[in-house]
Amino acid sequence: MSKPVVLIAEELSPATVDALGPDFEIRNVDGTDRPALLAALSDAHAILVRSATKVDAEAIASAPELKVIARAGVGLDNVDIKAATTAGVMVVNAPTSNIISAAELTVGHILSLARHIPAAHASLAAGAWKRSSYTGVELYEKTVGIIGLGRIGALITQRLQAFGVSVIAYDPYVTSARAQQLGVELVSLEDLLRRADFTTIHMPKTPETVGMISDEQFALMKPTAFVVNVARGGLIDEDALHRALTSNTIAGAGLDVFVSEPPKDSPLVSLPNVVVTPHLGASTDEAQEKAGVAVAKSVRLALGGELVPDAVNVAGGVIDPYVRPGIPLVEKLGQVFTAMATSPVTSIDVEVHGELAAYDVSVLKLAALKGVFTDVVSDQVSYVNAPLIAEQRGVTVRLITDADSPEYRNLLTIRGAQSDGPAISVSGTLTGPKQVEKLVEINGYDVEVALDKHHIVMAYTDRPGIVAVYGKEFGEAGINIAAMQIARQSAGGEALSVLTVDSPVPDDVLEHVRSTIDAASLREIDITL
């Protein structure tokens, strides 16, 4: 079989290719050469880009085999996430690859503003010796205001505290306990702007945050204050910033990002009280290597149909460690569910009972759907396209959570209706310190069987000697029974037997056993572990 094609559209570190490994055909293309890019995408399964390559709806439509778009960095302005999701294409990035580099560049801008380092260098390089023109200020005992106390904001806090500064922060989503842990005082945005000697902004770019620092905010700041933006262009209103700088409303600014890049004809670039850099936040060897390696690993997972924690268009967001063990369990339950079905499924409920109900468990619905459809469709099923497959097949899907779980600490159930046949339900749980995956219910029958590669589920009329009969039949066929459990709801009624066997069972053997014991149903379940 031919290897999946991975297209590298921009220069990435050698470690990126090494992280991809030998399982893919690696091709290179200049992502800024539009005709070449569209042609190269025709049979690509994955594309790796940085910021220059535009992976828009046209590009995605040109790539019928595409499974994953990987951005070796944080921003995704050059990727049409909506079009990718509609096409069932996973989008991944490297959200933590550049956080140290961005934090260090922020500190560099603050120091450059405080001590006029770039201007002093330029003056001396031009032959002048103007020491008195570049008298600066110390950071010691100054107040630094951080707008957005996320991962980068926290790293900046740690680094600046060595200078003896006081750090205040505005972030409506950070708890006082977290701020206290960092040694930061949480304040309102207005209070931060009034008090800070240096203000640095680290917010995502959203409709709510664009232009969040404008004339009104600059008016609150000290005339000796400086503002720094290495996050996203547009968070600071550039026209308002120019007015504040030229009217001495504030003392200066450090900018690494701009509304338009490069900032052609921007009056900010030439101001004497502005330090500018050409979007260097992630431009370190270490950050580039970390970003490339991170997305290479994500590509491997995505092309293997696995869950990718850094996928941005997979519902579920950050997955709590307490939720993670349930992902492979519910995916296997989905395979059991499909094996038990006798006609097309019309609706599916994914039920989460117990302590897990207090967490964000939306990823468990995706995992359940992936398991349900893995053996149903010929295409590879992923965490992105599984909901689309359900929608295309007219299957309604619900996620139901309930903190009540009388018998188990946590219970995961997949329940569904069929177009022609009874409802189906399968349940599982994780037991013991090793978190053993167990099947604990099938269609209302209570069982407790460790999930394995091969199972046989039989429903038949309960009667003496029946176990010996099918045990003999399987034994003569060379099928070893590793484990077995029988459940029934009343003596002499219908019994359900779940066998764990060491190998797949040929269809003729299954049919012979079914007819010999007159089973109401007999299903073989092969689980991908």
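These are my notebook entries on a predicted model, taken one region at a time.

**Entry 1: the parallel sheet**

I began with an open sheet of 5 strands, whose order is β2-β1-β3-β4-β5 and whose pairing is parallel. I then looked for its edges. The edge strands are β2 (25–28) and β5 (90–92), each of which pairs on one side only. On average, neighbouring strands of this sheet are turned by 20 degrees against each other, direction ignored.

I looked up one pair in detail. Strand β1 (residues 5–8) runs parallel to β2, and 4 bridges join the two. Ile8 stands opposite Asn28 in β2.

Next I asked which strands helix α12 lies across. Helix α12 (residues 285–303) lies across β1, β3 (46–49), β4 (68–71) and β5. I noted that α12 runs at about 170 degrees to β4.

I moved on to strand β17 (residues 436–442) and counted its buried residues. Of its 7 residues, 6 are buried, so β17 is largely enclosed by the rest of the structure.

I checked its pairing with strand β16 (residues 424–431) and found 6 bridges, with the two strands running antiparallel. Thr429 has Lys438 in β17 as its bridge partner. The two strands form a hairpin with 4 residues between them. In that turn, Gly432 has a positive phi of about 75 degrees.

I also looked at strand β18 (residues 445–450), which pairs with β17 over 4 bridges in the antiparallel sense. Here the bridge partner of Glu441 is Asp446 in β18. The hairpin of β17 and β18 has 2 residues between the strands. Asn443 in this hairpin takes a positive phi near 50 degrees.

**Entry 2: helix α17**

I listed the buried residues of helix α17 (residues 507–517): Val509, Leu510, Val513 and Ile517. Why do they line one face of the helix? Seen down the axis of α17, the buried residues fall within an arc of 100 degrees, so they line one face. I wrote down the general rule beside this: an α-helix has 3.6 residues a turn, so residues three or four places apart point the same way.

I then turned to the other side of α17, where Asp507 and Asp508 are exposed. To see what the buried residues pack against, I looked up their contacts. They pack against β19 (454–461), α16 (466–476) and β22 (521–526).

Last, I looked at the end of the helix. Just after α17, Asp518 takes a positive phi of about 55 degrees.

Note on methods
Residues numbered from 1 in each chain as written. Predicted model: local features only at pLDDT ≥ 70, side-chain atom pairs only at ≥ 80, totals over all residues. Heavy atoms only, no water. Buried < 20%, exposed > 50% of the residue type's maximum accessible area, 1.4 Å probe, protein only. Arc of directions from axis to C-beta. Contact = heavy atoms within 4.5 Å. Pairing = 2+ DSSP bridges. Axes fitted to C-alpha atoms, helices over the stretch in contact; angles between N-to-C directions.
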